[in-house]
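Please view the sequence and the model first.

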Amino acid sequence: MSPVASPGARFRAAVAAEKPLQIVGAVNAYAGILAASAGFKALYVSGGGVAASSRGIPDLGITTLEDVAIDVERLTSAVDLPVLVDIDTGWGSAFNIARAIKTMIRVGAGAVHIEDQVQAKRCGHRPGKELVPKEDMADRIKAAADARSDAQFVIMARTDAIAVEGLDAAIERAQLCVEAGADMIFAEAVTELPMYRRFKDAVKVPVLANITEFGKTPLWSTAELAAVGVDMVLYPLSAFRAMAKAALGVYEAIRRDGHQRAVIDAMQTRTELYDKLGYWDYERKLDELFGSRKEG
Ligand SMILES: C[C@](O)(C(=O)O)[C@H](CC(=O)O)C(=O)O
Ligand SMILES: [Mg+2]
């Protein structure tokens, strides 16, 4: 056995170590560095985040496996934390799903979640969602579980059924997914706290709560979620939403005022940026290596 734990093993260890494990979205490598410096132990690549941030399009199943893989590879190259990746519906049938799983393992992900919406998917917190039959979803999970080269790699099944078919049907879908090989369950668009306890009691595997803002789920705290048995709490787009608002404010101010003095306090300084990037160590190394051959 390799002495270095795989990303999948590290994701499982993170879930076991923190109750509930807070998982934050990082829309790029630097965001991942910031999240790590704030103390988070696991990161998330959001489908909605890849769509909006990297491609400038809505979260409607338009992005490709490659779009997501590029962002995951950039994040895992820069930050040494286990990463959960949103692979939407898996981009097709069993072979597409197998390819998605192999790709995600290759780019360093520790876990993925795959959902039971139809290919032309929507954000989980929007109306008009349509689901594939529960047997088809179980097939998606089987295809994903079969494709892993690392048994520790985590397959998380997301069910969007609460909003479409109700709680009982959603729980039944989650159970079927666990029977098909899902390691963990993502209960999407939960509207009442005790619903998590119902999922947990039924599936007996770790359950994730998606605490995304401006959606259908209230912004419950980690303490409230822990009390109903939740194992992981996801904040998929919190930092992205904040970055987007801050950036727009800065663009508007510079455009309006002809200078950036009014917004300078909203900015991270050069020193703060370099501290987070470890710039000073690179500079020292550069001086060590090439200091005797300075130009001029
Ligand atoms: C978790 C999610 O799938 C995502 O892509 O980040 C979204 C989040 C959101 O739109 O707020 C979802 O819940 O569908
Ligand atoms: Mg998504």
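Is Asp86 buried or exposed? Asp86 counts as buried because its relative accessibility is 4%, where buried means under 20% relative accessible area, exposed over 50% and partly exposed in between, with a 1.4 Å probe and protein chains only.

## Basis of the report

This is a predicted model, in which local features need pLDDT of at least 70 and side-chain atom pairs count only at pLDDT 80 or more, while totals for chains, interfaces and linings use all residues. Residues are numbered from 1 along each chain as its sequence is written, chains are lettered from A and ligands numbered from 1 in the order in which they are written, and side-chain values use heavy atoms, with hydrogens and water left out.

## The annotated positions

An unreviewed UniProt entry places the feature "binding site" at Asp86 and Asp88; UniProt positions are given in the numbering used here, feature names are shortened, and annotations may be inferred rather than shown by experiment. Asp86 belongs to strand β3, residues 83-86, and Asp88 lies in the loop between β3 and α5 (94-106). Such helices (H or I, at least four residues) and strands (E, at least two) are DSSP runs, numbered from the N terminus.

Asp88 counts as buried because its relative accessibility is 4%. Not counting residues up to four places away in sequence, Asp86 touches Tyr44, Val45, Ser46, Gly47, Gly48, Val68, His113 and Glu115, contact meaning heavy atoms within 4.5 Å. With neighbours within four places left aside, the contacts of Asp88 include Gly47, Asp59, His113, Glu115 and Lys121.

## The surroundings of ligand 1

Ligand 1 is surrounded by 16 residues, of which the closest are Ser46, Gly48, Gly124, Glu188 and Thr212; a residue is near a molecule if one of its heavy atoms lies within 4 Å of it. By class, this shell holds four nonpolar, seven polar and five charged residues. Here Ala, Val, Leu, Ile, Met, Phe, Trp, Tyr, Cys and Pro count as nonpolar, Asp, Glu, Lys and Arg as charged, and the others, Gly among them, as polar.

Oxygen atoms of ligand 1 lie 3.2 Å from a backbone N or O atom of Gly47, 2.7 Å from a backbone N or O atom of Gly48, and 2.5 Å from a polar side-chain atom of Thr212. The protein covers 95% of the 350 Å² of accessible area that ligand 1 has on its own, by the Shrake-Rupley method with a 1.4 Å probe.

Conventions
Polar contact = N/O pair within 3.5 Å; in protein donor to acceptor, adjacent residues only side chain to side chain.
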